[in-house]
Amino acid sequence: MEAKTIAMSLPSNRFSIFPTSPRSSFVSSTRFSRLPLKRACIGAVTSCSGVDESALTRWNPIVSTRRRLIPAPVRAIDSEGSPGLGKVKEYEEWDSWTAKFSAGANIPFLMLQLPQIILNAQNLLAGNNTALSAVPWLGMLTGLLGNLSLLSYFVKKKEKEAAVVQTLGVLSTHVVLTQLTMAGAMPMPYFVATSVVVTFGVILNCLFYFGKLSKTLWRLWEDFITVGGLCVLPQVMWSTFVPLVPNSILPGTTAFVIAVAAVFMARTGKLPEEGVKFVESLSGWTATLMFMWMPVSQMWTNFLSPDNIKGLSPITMLLSMMGNGLMLPRALFIRDLMWFTGSIWATLFYGYGNILCLYLSNCTSKSFFVASTIGLISWIGLALWRDSTAHGLNSPFRSLKELVFGS
């Protein structure tokens, strides 16, 4: 999800799983009828005329995308052969490929950060500290906080590949902030506070992923990033339009009060169950919205100062489009609306959107623009087609419908 540093940024052990949809039980006859498997034996069942419903389980995307029931090998007892195994294999293969694509997003996102890190190091060694002032530390800090929030979101869901991407985003951005502090471009107190939060955040997420952290400490950390995210988001959005609007900390202060009140009511049982779930999802959504705001901020800057667009690199925008695009199939496959929303927004509006602006401003070639357009459309089409095939759907658009509305 990050348009620039989302290292958002994710191979793991794969198990034999029965094709299930993230939003529905699949015990129903309508979904199960999609599989050309007339009879199946699962687990200890040795003779069956249908499907042992107790062997299947409803998949909960909020709890985990990895904690799936792992039944014994599915066997089709059909005189015509076992075409059902083909569907199972397609599902498992696409499950594995989407995870690999998501992990592969590390490459373009890392390539986005390395040039800046190398350039900063060269300027520091040459004593040219003033050059580092051109890097906006506040924007880098916002991206880092977004990565940290999304890291916790994916760790909780046990999405290892996505968590690795976010960890890379946190660490690479922190390196840049360290360089800015050495050059005097970032105030030392802010850097110290940021370093403490990053250190504790990475350690707590590692402990939680491996089951070594208590639920109480994890909830405190979730509350912290929820309040922090809700404070930063409106303040960043407001600051984008300064000086057209007064320079004020009122948006962030107001959001802080509301966030503290919401978290307090959720933890003291004064909110209904749906309200508690909404509060728990706020940290992930605020981080996603922060990254979604980046292309809006960039396009607003382009609008105010059209000449500045010449400073954008087409290759950088292409890498951003590729990094976010590689995560789209995984987000669609596991039916994660928040992840998919952030990734598709960054792919279309930050990556491709800026490529379009560069082309309209005659800052890039027609062949580069056409190749980027064809590649993007083909990739999205491939993701929709393979997802519908893996889930046994009759139309690629059914995948999008299930993603947004459920089955």
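How near do the axes of helix 4 and helix 7 come, and at what angle do they cross? They come within 10 Å and cross at roughly 145 degrees; axes here are lines fitted to C-alpha atoms, for helices over the stretch in contact, with angles running from 0 to 180 degrees between N-to-C directions. This is a predicted model, in which local features need pLDDT of at least 70 and side-chain atom pairs count only at pLDDT 80 or more, while totals for chains, interfaces and linings use all residues. Residues are numbered from 1 along each chain as its sequence is written, and side-chain values use heavy atoms, with hydrogens and water left out. Helices (H or I, at least four residues) and strands (E, at least two) are DSSP runs numbered from the N terminus.

**Annotated segments**

- The unreviewed UniProt entry lists "transmembrane region" for residues 134–155, 162–182, 188–211, 248–266, 278–296, 308–327, 339–361 and 367–385; positions follow the numbering used here, feature names are shortened, and annotations may be inferred rather than shown by experiment.
- Residues 162–182 are 100% helix and 0% strand, with end C-alpha atoms 31 Å apart.
- Residues 367–385 are also 100% helix and 0% strand, and their end C-alpha atoms are 27 Å apart.

**Helix 4 with helix 7**

- Helix 4 passes helix 7 in a left-handed crossing (left-handed if the near helix is turned anticlockwise from the far one by less than a right angle, right-handed if clockwise).
- Contact (heavy atoms within 4.5 Å) involves residues including Thr 142, Leu 145 and Leu 148 of helix 4 and Trp 218, Trp 221 and Glu 222 of helix 7.
- The contact residues divide into eight nonpolar, three polar and two charged; Ala, Val, Leu, Ile, Met, Phe, Trp, Tyr, Cys and Pro count as nonpolar, Asp, Glu, Lys and Arg as charged, and the others, Gly among them, as polar.
- Leu 138 is in helix 4 (residues 137–156), and its C-alpha atom is 9.3 Å from that of Val 236, 98 residues apart along the chain.
- Leu 138 counts as exposed at 53% relative accessibility (buried is under 20% relative accessible area, exposed over 50%, partly exposed in between, with a 1.4 Å probe and protein chains only).

**Helix 7 with helix 8**

- The axes of helix 7 (residues 215–240) and helix 8 (residues 250–267) come within 8 Å and cross at roughly 155 degrees.
- Helix 7 is therefore roughly antiparallel to helix 8 (under 35 degrees is roughly parallel, over 145 roughly antiparallel, 65 to 115 roughly perpendicular, the rest oblique).
- The crossing of these two helices is right-handed.
- Among the residues making the contact are Arg 219, Glu 222 and Asp 223 of helix 7 and Leu 250, Pro 251 and Arg 267 of helix 8.
- The residues of this contact comprise 12 nonpolar, three polar and four charged.

- Lys 158, in the loop between helix 4 and helix 5, has phi near 65 degrees, a positive value in a residue other than glycine.
- Lys 158 is buried, at 11% relative accessibility.
- Thr 167 belongs to helix 5 (residues 160–182) and is partly exposed at 24%.
- The C-alpha atoms of Thr 167 and Leu 148 are separated by 7.4 Å, at 19 residues apart along the chain.

**Loop between helix 12 and helix 13**

- Asn 362 lies in this loop and has a positive phi of about 60 degrees although it is not a glycine.
- Asn 362 is exposed, with 71% relative accessible area.
- Thr 364 lies in the loop between helix 12 (337–360) and helix 13 (366–390) and is buried at 17%.
- Leaving aside neighbours within four places in sequence, Thr 364 contacts Pro 314, Ile 355, Leu 358 and Tyr 359.
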